[in-house]
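Reader: I would like to learn how to read side-chain features in a model like this one. Could you take me through a few, with the general idea before each case?

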Amino acid sequence: MSSLKVETVNTTTLDPKKSYPLISQSNVPQIHKYEVFVSFRGPDIREVFLGHLVKEFNQKKIVAFIDEKLKQGDEIGQSLFEAIETSLISVVIFSPNYASSEWCLDELVKIIECREKDGQIVLPVFYKVDPTNVRHQDGVYADAFDEHETKHGNASNNVLGWRYALKKSGNIAGFHSLKFWNDAELVEKIVDYVLRRLGQVRSVNSQKLIGIEKHISKVESLLQVHSRDVRAIGIWGMGGIGKTTIAQEVYSRLCSEYEGCYFKANVREVCGRVVDIISLKKDLFSTLLDENNSKIDIPYGLHYSVERRIRRMKVLVVLDDISSPQQLEILIGSLDLFGPGSRIILTTRNKQVLANWVVEKDIYKVKPLDFDDSFRLFTLNAFGNKDLQKDYHDLSKKVVKYAQGIPIVLHVLAHHLKGKDKKIWEGQLQSLTKKPIPEVHDVVRLSYSDLDRDEKNVLLDIAFFFDGLHLKVNQIKSLVKAHGYSVDVELENLKNKALITISPDNVVSMHSIIQETAWEIVREESFDNPGIRSRLLNPDDIYKVLNNDKGSETIRSIAIDLTTIKKMQINPHVFDKMKKLQYLDIYSKGYCCVFLQNRQSFYLPQGLESLPNELRYLRWAHYPLESLPSKFNGEKLVVLNLQYSQVKKLWYKQKDLKNLKYLILSLSSHLLELPDLSKATNLAVIDLRLCTGLTSVHPSVFSLNKLDKLDLGGCFSLTSLRTNIRLTSLRYLSLAGCIALNDFSVISTNMIKLNLEHTGIKQLPSSIGLQTKLEKLLLAHSYIKKLPQSIKHLSRLQHLDVHHCRELQSIPELPSSLKTLDASGCVSLETVIFPSTAIEQQKENKTKVTFWNCLKLDQDSLKAIELNAQINMMNFAYNHHIATSGDQDYDGKGKGTYVYPGSSVPEWNSVRTLRATLHPIAYPQKCVEGYIQWYYRISHPRRIPYVAAYVDAGPSPSHDVGPDTRCTQYHEIGGLIQQSLD
């Protein structure tokens with residue numbers, strides 16, 4: 001979210017010239033008689049001001065309660081209190097004699113009670129009275145209270161209640177009559193406010209936030225927004241109880257009252273490493289300062305330039321789900337860092353992490369919903385807006401009584417029972433009574449017991465293994481497919497039962513409450529012996545199993561962060577007993593240096609005899625041996641990831657790897673060669689980046705007909721990559737940084753991106769033109785001498801980068817699809833060929849072309865370049881003007897650049913001047929709405945003249961220009977002449 005820059009809001013009055021966000025969202029009853037209740041002292045305002053207000057309410061069709069509406073015979077107190085309770089908004093008009101009326105004060109007590117209990121919207125209007133008189137009961141209100149105390153006693157409940165209500169009212173933002181020219185203006189602003197607030201009342205769909213207003217009222221009281229001190233408050237409670245929702249609501253209502261605002265959900269999830277916390281810190285302060293490039297790169301504190309600016313800002317920061325003091329030490333540091341009036345809201349499951357930032361009294365403990373709110377929340381999720389039958393009404397009451405006000409329990413139970421018949425409800429309730437579920441974790445067991453065996457396995461696999469990998473649906477399907485069944489149905493069922501979520505980009509995740517429940521389910525398989533559990537995740541449990549060789553066939557998955565486990569010496573037969581182990585992940589969340597510090601966490605002095613043949617996923621960071629065990633067949637492997645390993649060769653015999661899709665050996669500097677991969681028929685990705693010892697690639701790689709990506713970047717020792725096989729599946733090939741590579745010939749008819757930057761190659765294969773799907777060709781800093789003529793057949797090529805190809809002598813005709821060409825620093829370039837006719841060049845639409853430092857270009861090429869620049873820049877300007885003249889929103893990307901050697905403005909420029917170094921050219925077409933800016937910069941880097949032509953096409957203010965009219969006006973500002981439409 002970008003920084004919000006607004007004026008500071010007065011804590012007791014509302015600026016009549018400004019609009020304000022939600023301050024107190026009403027958790028309204030199901031039925032409302034009135035939209036507005038007006039509390040006032042009749043003699044003060046009835047004759048004039050009240051009449052204007054009532055008239056405006058009637059004109060705007062606002063249903064307001066005024067005391068004249070009392071029916072004959074009604075009891076005054078009962079009718080008024082009922083009216084207050086059934087109104088959405090209460091407008092309290094504090095006039096000079098308001099406090100002298102006990103009845104007005106009783107109304108006010110009821111109004112404040114409804115605000116604190118139900119979150120009713122309250123708008124104070126201070127009419128010819130100062131807000132401080134209301135807040136402190138002084139000035140004109142002092143005499144009234146002298147009389148009340150004489151009559152009732154200064155310590156009576158009535159007097160104390162009236163004072164409390166006045167104090168609370170005086171601290172609510174409202175309108176002060178002295179800030180308006182006349183009553184009519186004040187009435188208009190009150191009505192506008194009421195209309196806007198009525199529009200903000202939640203619809204049926206948003207009523208799922210039932211009961212939240214009681215929490216928000218408490219949080220707002222802790223925030224003390226009128227105080228100028230810097231304050232941090234905590235929202236503390238168990239997972240799933242609604243901390244994040246409360247924080248989001250408070251944030252949305254208050255953020256416009258601050259100069260900078262920032263909200264971050266799930267801090268615990270995104271801050272697993274120090275580097276992640278620093279990244280979040282940069283995001284935090286960049287957002288507050290509304291800058292993308294703020295210098296924030298140190299763990300503790302801020303650079304002086306940043307700190308100085310933050311200290312002057314009033315900001316609102318919400319950090320959700322803080323899990324460690326270190327996160328706050330890095331992200332927040334000291335509260336003194338922020339400007340006066342700033343507020344920090346921290347939510348956490350662990351109260352202790354707040355100790356150094358929030359005092360005990362400013363920590364709000366989120367309590368369960370009461371029975372009425374729980375019932376409404378459950379029935380809304382279970383039945384929607386349908387009427388409840390009596391049988392289901394009674395059953396729902398029993399479910400709500402069992403849930404004890406925990407929102408996550410209510411949601412899970414509602415999803416579980418929604419649409420089921422009464423017998424299912426009764427059966428579930430019966431099981432609840434037989435086996436009570438005392439903790440929130442146990443809620444998930446209701447859904448868990450409804451799963452079949454395969455669904456349970458997938459749920460636990462996600463909780464223990466997949467969730468931390470951020471895998472997509474297709475990746476999970478690949479890993480589970482080897483079990484002999486498709487996982488589509490299981491994932492869909494888990495999603496429908498609210499046990500997992502699938503993001504718009506298909507990433508599968510799980511709520512931490514459900515995940516922790518799954519951990520508990522597995523822990524209960526054996527409390528004392530983790531070696532016979534199905535899954536291991538806890539570092540202490542894994543240490544006990546591996547260090548003491550206590551594994552068993554029941555273990556299905558192991559995931560361990562090397563930075564969290566103690567060093568140990570592992571028996572070479574440690575995995576012999578784990579014959580059913582399917583997922584093994586030994587990783588580190590730290591930097592590369594952390595890997596180096598912890599790579600000896602597992603000592604294998606006697607090697608490793610075997611790995612389980614059931615393995616589907618194997619990641620072992622800094623694998624310490626030269627090869628995988630010979631007894632390991634790897635037939636079921638889908639992912640093999642040995643980053644930073646000591647491997648020289650994976651294995652010495654050919655293996656049947658028909659399920660392998662991902663082979664990752666990056667940064668394995670000792671790797672000398674790849675094994676025969678011809679039987680890895682499903683291999684899609686090979687990542688060998690920075691395998692600096694690799695000298696060749698096994699020919700079998702080129703026989704893989706599903707290979708999508710091959711990354712050999714930084715393989716310094718690789719000298720050749722050549723095959724006569726025409727590949728059909730490879731889309732991404734990178735040899736960037738293979739400085740010894742001087743022989744290259746790989747062709748794939750499906751290639752999209754080919755990266756040969758910083759290589760020693762001198763020529764491309766002539767058959768490169770067969771790669772008709774190629775979009776990006778990167779040859780920068782290579783030794784290429786010429787490009788093959790067939791390059792013009794790359795009909796989808798959009799980006800060609802040959803910058804600093806110092807041996808390149810000529811560029812042949814390029815395809816018309818090209819958008820960018822970077823030939824900067826091609827110091828030997830002499831010839832550039834374009835299509836022979838201007839008509840053919842009209843098909844082009846280049847947006848950026850650069851020939852910086854191309855000093856040897858011949859005159860024919862320079863003329864050809866100049867003509868091509870004219871055509872492409874004109875085409876570019878025309879196309880963008882057509883785009884901006886239509887109904888589509890302008891995307892702001894209408895900028896084109898063409899740089900080439902030259903010392904004067906091109907002859908085709910129809911407007912010339914000797915005074916400016918930046919020149920426009922009038923567009924020779926009909927005027928369209930918008931503007932064109934043409935810039936010609938005659939620059940002299942190292943005393944070498946260049947012409948840089950820029951075109952900037954974009955929308956301008958609306959003009960009424962006839963279809964045959966050309967109206968051009970020039971404005972010279974600091975050497976820039978801009979052509980715009982008048």
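Author: Let us begin with accessibility. Buried means under 20% relative accessible area, exposed over 50%, and partly exposed in between, with a 1.4 Å probe and protein chains only. Glu-113, with a relative accessible area of 39%, is partly exposed. Do keep in mind that this is a predicted model, where local features need pLDDT of at least 70, side-chain atom pairs count only at pLDDT 80 or more, and totals for chains, interfaces and linings use all residues. Residues are numbered from 1 along each chain as its sequence is written, and side-chain values use heavy atoms, with hydrogens and water left out.

Reader: Which residue forms a salt bridge with Glu-113?

Author: A salt bridge is a side-chain nitrogen of Lys or Arg within 4 Å of a carboxyl oxygen of Asp or Glu. Glu-113 pairs in this way with Lys-110, and their closest N and O atoms are 3.5 Å apart. Lys-110 is buried, at a relative accessible area of 11%. Helices (H or I, at least four residues) and strands (E, at least two) are DSSP runs, numbered from the N terminus.

Reader: What about Arg-689 and Asp-687?

Author: Their side chains also meet in a salt bridge, at 2.7 Å from N to O. Arg-689 counts as partly exposed at 37% relative accessibility, and Asp-687 as buried at 9%. Salt bridges can also share partners: Asp-229, Arg-231, Arg-343, Lys-361 and Asp-362 are joined into one network in this way.

Reader: Is Arg-343 buried or exposed?

Author: Arg-343 is buried, at 0% relative accessibility. You will find Arg-343 in strand β9 (residues 343–348). Its side chain also makes a polar contact (a pair of N or O atoms within 3.5 Å; within protein, one must be able to donate a hydrogen and the other to accept it, and residues adjacent in sequence count only if both atoms are side-chain atoms). That contact reaches the backbone oxygen of Gln-224 at 2.6 Å.

Reader: Where does the side chain of Ser-396 reach?

Author: The side chain of Ser-396 reaches the backbone oxygen of Tyr-392 at 2.8 Å. Ser-396 sits in helix α16 (residues 390–403) and is buried at 0% relative accessibility.

Reader: Now for the backbone. Which residue has a positive phi of about 60°?

Author: Most residues other than glycine have a negative phi. Lys-128 has a positive phi of about 60° although it is not a glycine. Lys-128 lies in the loop between β4 (121–126) and α5 (131–136), and it is exposed, with a relative accessible area of 58%. Gln-137 has a positive phi too, of about 55°. Gln-137 is in the loop between α5 and α6 (140–152), but this residue is buried, with a relative accessible area of 10%.
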